[in-house]
Amino acid sequence: MNYLSVENISKSYGERVLFEDLSFGINKDQKIAFIAKNGTGKTSILNILVGLDQPDFGQIVSRKGINIAYLAQTDNLNSQETIEEAIFSSDNQTLKIVQQYENALKDPENEEAYQKAFDLMEQHHAWDFETQYKQILYKLKFDDLTIKIENLSGGQRKRLSLAIILINKPDLLILDEPTNHLDLEMIEWLENYFKKEKITLFMVTHDRYFLERVCNEIVELDQGKLHTYKGNYSYYLEKKEERLAIEQTTVNKAKNLFKKELDWMRRQPKARTTKSKSRIDDFYQIKEKAHQRRNNHKVQLQINMERLGSKIVEMHNVSKAFDEKVVLNKFDYVFKRGERIGLIGKNGTGKSSFLNIITHKVPVDSGKVIIGETVKFGYYTQKGINIKEGQKVIEVIKEFGEYIPLAKGQKISAGHLLERFLFDRKKQYDFVEKLSGGELKRLYLCTVLIQNPNFLILDEPTNDLDILTLNVLENFLLDYPGNLLVVSHDRYFMDKIVDHLFILDNEGNINGFPGNYSDYRSYEDSQPSKKTVKEKKIDTRVKPPSKGKLSYNEQNEFQQLEKDIEKLGKEKTTIEKLFENDEIASEKLTETSQKLQEIISSIETKEERWLALSMKLE
């Protein structure tokens, strides 16, 4: 069943042609990835598909009554709403029934309202919907729905936009870089969700593991033409290589034919017959094909960076906190020459702060960070590049350096470095303000690399980069001889370039792991389950009661137990911290200890009752 058809669309901005005469279709249950270089109009195509922009020529035809949802890179959330208000503001009738039921649970004394809401849930078979709705909110880390959107971070807003879309279950979901700003745990959950759900997807993403495990078709825009591959990312790579080989064979044949036809053209008199005119036309077609060039660059550089001494970076008993948030807790580490380390951890664990501490951009609370005299940092941050009006691309990079020295006295100039990162000679003389978001990130990378650092620090370098650029960057980094410290949610990228991990937790602790991300995941999956009663409680909460399994009073008790256990858990944590920090007066020691024991005993009793009730829900 066809959901949407793209018919001969074209789009230009002034003299700049993004694409011309593109046609393709999206059918039910397809999970399509759209691949193209930065600056070729990927986001423009997505905006056209959902009606936020119009093509200069051509049209979009969608199936009548189809529900299309769009996850853009920038959201349109109302900052004055709470998370709950944003979720329930859609026109989804089932969601409104769930909202009515949730409100009835908040007022347990009103039995009539509860019964009415309960009957509606039964009538519309909304229990499964409520289960999935709560699971999505739990997995995307939304526990407190009363928070206003204006108080959310950029990453939290992205997660909320994603949650709203997934909850409403559209027929066709169009996604622009869905994994940006998600931590690794969330990306893997979203990947598994899309794999198992019967959902139609059309997305732009640079996450190659996501492509590999979710998509069943890939559409590539390459040099103005669309190429379709009926398979995942591995299949795409294999078939693209075959296509390029065939193209190259065709080009080589055309070159040989061109030489023959050129000789013939030079021998011909000025007067032409009809037959010779036809051959002349063929000649120009052959000439065009023979002069085709592909701009794929393989980085194979022997960089002659400044020598690293024996002392690189040493961290001795380093602690850092922002208010009550502990980022580092008495961390010790001595970096060795040539180490390639990846930082992983949930959002908010302090990965970017760790990088700022190493580079002395953020002072420590205690301990020491010692940087060797020969260390020259190259720091790629998430803030990006400052654009100066009227600057051209080549002028920007030359502000930071003219060349990178290579082995044997050779060097790579600023212009050649730009070429390697897919800025051709013409593009190098474009004004910076004309660049796309991905092209700006690419230029920023070049400004960091041209400085020839011997300790390279990259904070989410893969965001907004296309797959071709990522391959170029990975090849460059594989040839890079210095120290490397990377924060990235791109698992494929991490697997390829790092051989050691720092795993950050929420309490300022860092555990080392000798391997890449896939090694770490395999190790974690092989460990015995460590789920606690508390984790079981959280997982089970998202399961709704079915009719007859819990009585009205039991359901009220069930809800109250959850609140009591959470409250007691906070009290327990508070008292334990007092003991840890020696903040209890000696005369209060026995009394406080008894209170702690009473709280622990109460938690155990309530959890046992909670588990007994929860068994009825399974």
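This is a predicted model: local features need pLDDT of at least 70, side-chain atom pairs count only at pLDDT 80 or more; totals for chains, interfaces and linings use all residues.

Colleague: How many disulfides does a search of the whole structure find?

Modeller: The general idea is that a disulfide is a covalent bond between the sulfur atoms of two cysteines. Here the cut-off is a pair of cysteine sulfur atoms within 2.5 Å, and the search of the whole structure turns up zero.

Colleague: And is Cys446 buried or exposed?

Modeller: Relative accessible area tells you: buried means under 20%, exposed over 50%, and partly exposed in between, using a 1.4 Å probe and protein chains only. Cys446 is buried, at 0%. Cys215 comes out at 5%, so Cys215 counts as buried too.

Colleague: Now the charges. How many salt bridges are there?

Modeller: In general, side chains of opposite charge can pair when their charged atoms come close. The rule used is a side-chain nitrogen of Lys or Arg within 4 Å of a carboxyl oxygen of Asp or Glu. Searching the whole structure gives 28 salt bridges.

Colleague: Show me one. What does Lys346 pair with?

Modeller: Lys346 meets Glu185, with 3.3 Å from N to O. Lys346 sits in the loop between β12 (340-344) and α11 (351-358), and Glu185 in helix α7 (residues 184-196), so the pair ties together parts 161 residues apart in sequence. Helices here are DSSP runs of H or I with at least four residues, strands are runs of E with at least two, and both are numbered from the N terminus. Lys346 is partly exposed at 37%, and Glu185 is partly exposed at 37%.

Colleague: Which residue forms a salt bridge with Glu188?

Modeller: That's Arg521, again with 3.3 Å from N to O. Arg521 belongs to helix α17 (residues 517-526) and Glu188 to helix α7, so this pair links parts 333 residues apart in sequence. Arg521 is partly exposed at 28%, whereas Glu188 is buried at 15%.

Colleague: And where do Glu191 and Arg213 lie?

Modeller: Their closest N and O atoms are 3.4 Å apart in a salt bridge. Glu191 is in helix α7 and Arg213 in helix α8 (residues 208-214), so they tie together parts 22 residues apart in sequence. Glu191 is buried at 4%, while Arg213 is partly exposed at 36%.

Terms used. Residues are numbered from 1 along each chain as its sequence is written. Side-chain values use heavy atoms; hydrogens and water are left out.
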